[in-house]
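Reader: Please take me through the labels attached to this structure. I would like each one set against its cut-off.

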Amino acid sequence: MLKVLTAAVLALVVAAPATAQRLSDTVVPEHYTLWFAPDLEKETFRGRETIQAVVTQPTSSVTLHAAEIQFGEVKITSGGRTQTARVTMDPKAETATFTVPQRLAEGPVTIEVVYTGILNDKLRGFYISKANGRKYAVTQMEATDARRAFPSFDEPAFKATFDISMTVASADTAISNGRPLSDTPGPEPGTHTITYSRTPKMSTYLVAMIVGDFVCRDGASDGTTIRICSTPDKQQLTTFALEAAEHQLKWYNDYFGIKYPFGKLDIIAVPDFAAGAMENAGAITFRERLLLIDPERSSVGVRKQVASIISHEIAHQWFGNLVTMKWWDDIWLNEGFATWMANKPLAEWKPEWRVELDDTEDTQGALGIDALRSTRAIRTKVVTNEEINEVFDGIAYEKSAAVLRMIESYVGPESFRKAISSYLTKFSYSNAAGEDFWTEIARVTGRPVDRIMRSYVDQPGAPVLTVRNTCVAGASEISVAQSRFSTSPDPTAARQTWTLPACFKTTTGQPRCEVIDRAEQTSKAAGCDNVFANADARGYYFTEYAPDAARALGKSAGGLKPVERISLISDEWWMVRAGRHDIDVFLDIAANMAGDDTPAVVEALANRLTFTANNIVDAGQQERFQRWIRDRFGPALATLAIPGNLRDSDDLQTRRAALLMLVGVVGNDPEWQRRARDLAFGYVKDPNSLPPSLASTVLQVAAVSGDRTLYDQYVAQLAKLGSQPEEYYRFFNALSWFRDPAIVKAALELAVSPTVRTQDTGTLIAGFIGRPWARATAWEFTKAQWKALIDKLGVFQGIPTIVTSLGGLCTASQAADVRQFFAKNPVASVERGLQQAIERAEQCTAVDLRQSPALAAWLGRV
Ligand SMILES: [Zn+2]
């Protein structure tokens, strides 16, 4: 699964209701035969199910999962005798128990169930989606919602095969995991019944059903049929996704040395979707805007995002679907791997995208969570559904992926590939735990991967390497000390160390990598100039240089690769956040890199300077800070000819966008804001007036000083652009940039109105909580609307996005208010996210206090 906003995370687990219990293995399923007849008008469905299972110890009852299911007759046959079972439900545990008068002996057993269920509006289990004046029925089973569609042994280790059939309206189609074997009219008038081929052995959370008037574009790769499906109005937006999927499937077949295991591959865009995408075996589902684009009119950022998410989901067909984690505590075996793999086929397909820069920023995102005391270890014990759903976070995805990149770089890509292939072969159609993985990788590569992985998977946080070098006989002698990094250190915490490969280089010499496993040790590098401590930026650690050494690296940054420059900017920024260095060192480095021609480097600077402007710069210093931004970055922007030509390179367009954002918003430049407004009005009239990679930024910068007329134009566009997701979200995402207080209020009301899809409500509110000028208003609004929000969104989507965004608040009183509010209104599905948000808000307050004097002194000098 891919979450839209990977929520932040924590170890301070507030007592969650531990109602969920693991099923026993007294009865083990082997095969399900499932029939569904959804009634879209009534928003219900009928189901019939036969489960073939094995009784491992004699028993008179069978307990499995079921939620919001109305049972009809339940019969159990064993040893040639059929008994009718009594059904008892435990709604809290989401289980049903079938009890029979005569004990079931060891051996095969057949369970037959007739039941009905509901097509809910909470985007989970089997649910209703609406678009184009009609309804659709769609599934999202991961993590614990297959039980809402069919009574099942709904845990990942209970793998089974599935025969699925569906009866739907004659005019509709239905898609499932298998390929259609037969399609016959009836049984009722106005319906047809489609039967699908048997699936390979797989977990219940991978079952999929998608019902409606979907149309598909056909393709193929390496002998496998691939289809990209959408509602009929969007079929012209499916060519790019098909091209990407065709390239990737063949690439993965070659990489793994194991052919795609699920027969055909359908990829379906559904109108309402809680996650970003879901890797159901052979039937991947997507949010529309993450799949359907017009390649001629899309920004490079969106093209990359779409290709990367498709790649993530296809990688899951091996990592997750073929080999599945034994239990959700090892969800990183699914998500970390799919995240790590996703950019690999892209690097070959579109080398000009330079996806390694995105990987480096992702690593920094994960380190940002690990800088909190409230982070969690990659492997964290989970019991309840709420706990299970909350571990789909930046630790499972981006941190695990970053650790894998580090290991791959350490053992070498080809050696790592062989080991991965060996692991997947060994556990095909089965389940594995973390140990199974690293034992196999260590065996095949002959390197101590097990020690490194154990230190990263089972302990929370990440190390900071404190690096000091001295010149001895023409070479650098580097003393390295490691400890846990935290932006809010806890002096009473136990000392932690990691086993990690670290790579040092001087700005003129070759990198030298070695395993660091002690609290203090000494290393070497050729040459005596500045030592950079994370060559190729593949290491998952923070680096603390001496302030003067960091400044010197900033001055000679031209000798570093772009990924290393991002790493340097980030490392120095973390020193600011932790109060280890004064902010002037970072700002000097930023000044030195202002003319950098790699867009990702400018974006890395822009993000941190935005935080500085929003949270550290005091009211009295704003004028001066904004002027500094304009003086430093304005000249580079002025030379780039905004808006430029539609055919300009992606890099040039992206650099324009990053600089325009920095000068227009952080620099608060009235002239650039006026130009952006003119361009935005022009864009509303003619979408070809702006290059695609610049359009979003122009709309956002324009909104900052935009009035009601501009806002009304944006909202009017939303109504017109229902069939063009990328264009729609350009306007939608710009709404949270309006600064006018009356517009902020209007847009917040819009977020909870029926005009905005449930899947987007949280994003819009969170957007405002992220803006310094709107955050207080947006937080008050959130509190006032809380009950309505929970009713509208449920607790698993939207709400986590909003709670996570509260980390953008930056006063002690707001942090305390958040704590108080959720003490009265607890949400079990986002306990860790809440703790992290509170810690971020408190930490922000501390940074402001700590760095304000240093900032004032620095502003006095520049
Ligand atoms: Zn995923």
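Reader: What does Q759 touch?

Author: Leaving out residues up to four places away in sequence, Q759 touches L123, P271, D272, F273, R287, Y729 and Q797. A contact here means heavy atoms within 4.5 Å. This is a predicted model, in which local features need pLDDT of at least 70 and side-chain atom pairs count only at pLDDT 80 or more, while totals for chains, interfaces and linings use all residues. Residues are numbered from 1 along each chain as its sequence is written, and side-chain values use heavy atoms, with hydrogens and water left out.

Reader: Why is Q759 called buried?

Author: Buried means under 20% relative accessible area, exposed means over 50%, and partly exposed lies in between, with a 1.4 Å probe and protein chains only. Q759 has a relative accessible area of 7%, so it is buried. Its place is in helix α21, residues 758-769. Helices (H or I, at least four residues) and strands (E, at least two) are DSSP runs, numbered from the N terminus.

Reader: What makes the pair Q759 and Y729 a polar contact?

Author: The term covers a pair of N or O atoms within 3.5 Å; within protein, one must be able to donate a hydrogen and the other to accept it, and residues adjacent in sequence count only if both atoms are side-chain atoms. The side chains of Q759 and Y729 are joined by such a contact of 3.5 Å.

Reader: Is Q713 buried or partly exposed, and why?

Author: Q713 has 27% relative accessibility, so it counts as partly exposed. This residue is in helix α18, residues 708-720, and touches F681 and V684 when residues up to four places away in sequence are not counted. Between Q713 and D330 there are 383 residues in sequence and 47 Å in space, C-alpha to C-alpha.

Reader: How do you know that the span of helix α3 agrees with its length?

Author: The expected span is 1.5 Å times one less than the number of residues. For the 18 residues of α3 (332-349) this gives 26 Å, and the end C-alpha atoms are 26 Å apart, so the two agree.

Reader: Why is α3 described as largely enclosed?

Author: Of its 18 residues, 15 are buried, so the rest of the structure largely encloses α3.

Reader: Which residues touch the most other members of the largest nonpolar core?

Author: They are F36, F150, I420, F437 and Y714, in a core of 297 residues. A nonpolar core is a set of buried Ala, Val, Leu, Ile, Met, Phe, Trp, Tyr and Cys residues joined through side-chain atoms within 4.5 Å. Helix α6 (residues 395-411) supplies the largest share of this core, eleven residues. Among the residues that F437 touches are W332, L333, F337 and L404.

Reader: What makes β3 and β6 edge strands?

Author: The open sheet has three strands in the order β3-β7-β6, paired antiparallel. Both β3 (59-65) and β6 (86-90) pair on one side only, and they are the edge strands. Two strands pair if DSSP finds at least two bridges between them. The antiparallel pairing of β3 with β7 (residues 95-104) has six bridges, so it meets that criterion. Within this pair, L64 stands opposite A96.

Reader: How many bridges join β16 to β17?

Author: Seven bridges join these antiparallel strands, β16 being residues 215-221 and β17 residues 224-230. R217 stands opposite I228 in β17. In this hairpin, which has two residues between the strands, D222 takes a positive phi near 55 degrees.

Reader: Why is D222 called partly exposed?

Author: D222 is at 35% relative accessibility, so partly exposed is the label.

Reader: Which peptide bonds are cis?

Author: They include the bond from E142 to A143, with omega near 5 degrees, and the bond from I642 to P643, with omega near 0 degrees. Most peptide bonds are trans.
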